[in-house]
Amino acid sequence: MHFTINGKPHEAEVDVRTSLLDLCREHLGLTGSKKGCDHGQCGACTMLVNGRRINSCLTLAVMHQDDEIVTIEGLGTPENLHPLQSAFVRHDGYQCGYCTPGQICSAVGMLDEVKKGWPSHASADLNTVAFDDAEISERMSGNICRCAAYPNIVDAIREVADADAKVDA
Amino acid sequence: MKTFDYARAGSVAEATQAGGRFIAGGTNLLDLMKLQVETPDKLVDISRLDLNTIDEREDGGLTIGALVPNSDLAADPRVIAKYEVLSRALLAGASGQLRNKATTGGNLLQRTRCYYFYDTAAGCNKREPGSGCEAIGGFNRIHAILGTSEHCIATHPGDMPVAMRALDAVIVTQKADGDKRRLPIGDFYRLPGDTPHIENVLEAGELITHVELPAPPAGRHLYRKVRDRASYAFALFSVAAVVSVENGTIASASLAFGGVAHMPWRDPGVEAALVGNAPSEAVFAAAADALLADAKGFGSNDFKLPLARRTLIACLREVTQ
């Protein structure tokens, strides 16, 4: 099998049962993505596959031949944090940090969905998204934080979304 | 997870002849395989087939490829403009990550979230025919109140199929011998009866390739989902409604219901109670009476009867304003 993970080519031979999450964690040493529930309920395993956020625990590695995969390790480094990573630090968007890689990968994918104009359950008008905090909560509902850092997670995402909006304007 | 053979299908014909269980988004099937509720010997990966476009039809409707992800379907400008009830239903379901992976065809085939279906130590006629139904007499808060049988009281968990039922969608399939079928969604699902493990009329090897939506019915669209939390939860009760009012009279009404039956539920009696009448509390109550005439609770889900009544009436008030 061949995959591109965080811009680098990877070859791996895996059992057909191996999830994309286990491929990264157990075979390729990329342990940033976390296994919480392993059933798509908690979002700790969220990765970007061909630019879209998905639960990597609920997909088989064999189904991702030649796909472009981005994990938390591909978004930033300790010396050069991704804007969402530094916003989470600034706003204290975590306590234990276990859900944080998934929260950040999910937020990257989510902000891209907003840029594409995708509506959500919180959108009063499906044609024009008013990107308020209720939108952030709704769109991030697939990422659970058992420390309940939710208000600060929303603040961190809000800061980055507002900064992006200024750049785009 | 039990091991299985894996094959990637290069065409629809190849997929239908491969003799295995289809996998596309996999979000429901893999969840169940991890718990050994599902134990297929072979998976046929159809995720790379060319079934991922939404095309306009001559009759003003849309043809949706079976592999169009839920998120793309919900955000499609044509769906938002003409089938708002469908966009709303899709957006009310699951999470952003799951909607990015879950497909149109797969969502139609989503399995129940009955606790006993998920628990391989429990009796469940759907998972293991003949092993009994522990939901009857057990914890059944999320279970069905309509169309149940003594063998199964599970619900279909979906939102998208409820909207599609109200929109009279047609499910297009291809069989292993190449024959194609066009199945109205009303004929697609089965009630549990004494074979709750058979949930629809698909034959072995038969693949859903498309879903056709006829030209949208006139009227206002509404999808209302009642659930235990504000987001990312299954419906206790849901209503998909398209209702038009002309000159003070309800001219047409198309309503389907989720969270109450083994299939997206539709009852011509509900629509008959509305059409031709001026919107009023008495007319809305008659519609609720029609919906619930044969409804039956099983203890923990008794609350669904008043919940369904009040929610339907609230939806009818809103959609006829």
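Not counting residues up to four places away in sequence, B:A89 touches B:D159, B:M160, B:V162, B:A163, B:Y223 and B:A240; here, two residues touch, or are in contact, if their C-beta atoms, placed from the backbone, lie within 7 Å. B:A89 also turns up among the residues with the most contacts inside the largest nonpolar core, along with B:V85, B:A163, B:A166 and B:A240. That core has 137 residues. A nonpolar core is a set of buried Ala, Val, Leu, Ile, Met, Phe, Trp, Tyr and Cys residues joined through C-beta atoms within 7 Å. A residue is buried if 20 or more other C-beta atoms lie within 10 Å of its own, exposed if 12 or fewer, and partly exposed in between.

A quick word on the model: it is predicted, local features need pLDDT of at least 70, side-chain atom pairs count only at pLDDT 80 or more, and totals for chains, interfaces and linings use all residues. Residues are numbered from 1 along each chain as its sequence is written, while chains are lettered from A and ligands numbered from 1 in the order in which they are written.

Now for chain A, which is assigned domain 1 (2-74) and domain 2 (83-168); these bounds come from an automatic or database domain assignment. Taken over C-alpha atoms, the centres of the two domains are 22 Å apart. Each side of their contact involves 14 residues. On the domain 1 side, β3 (46-49) and β4 (52-55) are the elements giving two or more residues, and β3(A) gives the most, with 3 residues. Helices (H or I, at least four residues) and strands (E, at least two) are DSSP runs, numbered from the N terminus.

Chain A also meets chain B, with 29 residues of chain A in contact with 26 residues of chain B. On chain A's side, β4, α3 (100-115) and α4 (133-139) each give two or more residues, and β4(A) has the largest share, 4 residues.

Finally, there is helix α5 (residues 150-168) of chain A. Buried in α5(A) are A:I153, A:A156, A:I157, A:V160 and A:A161. They sit on the same side of α5(A) because they cover an arc of only 125 degrees around the axis, taken from the directions from the helix axis to the C-beta atoms. The cover over these buried residues includes α2 (83-91), α3 and α4 of chain A. The face of α5(A) turned away from the buried side carries exposed A:D162, A:A163 and A:K166.
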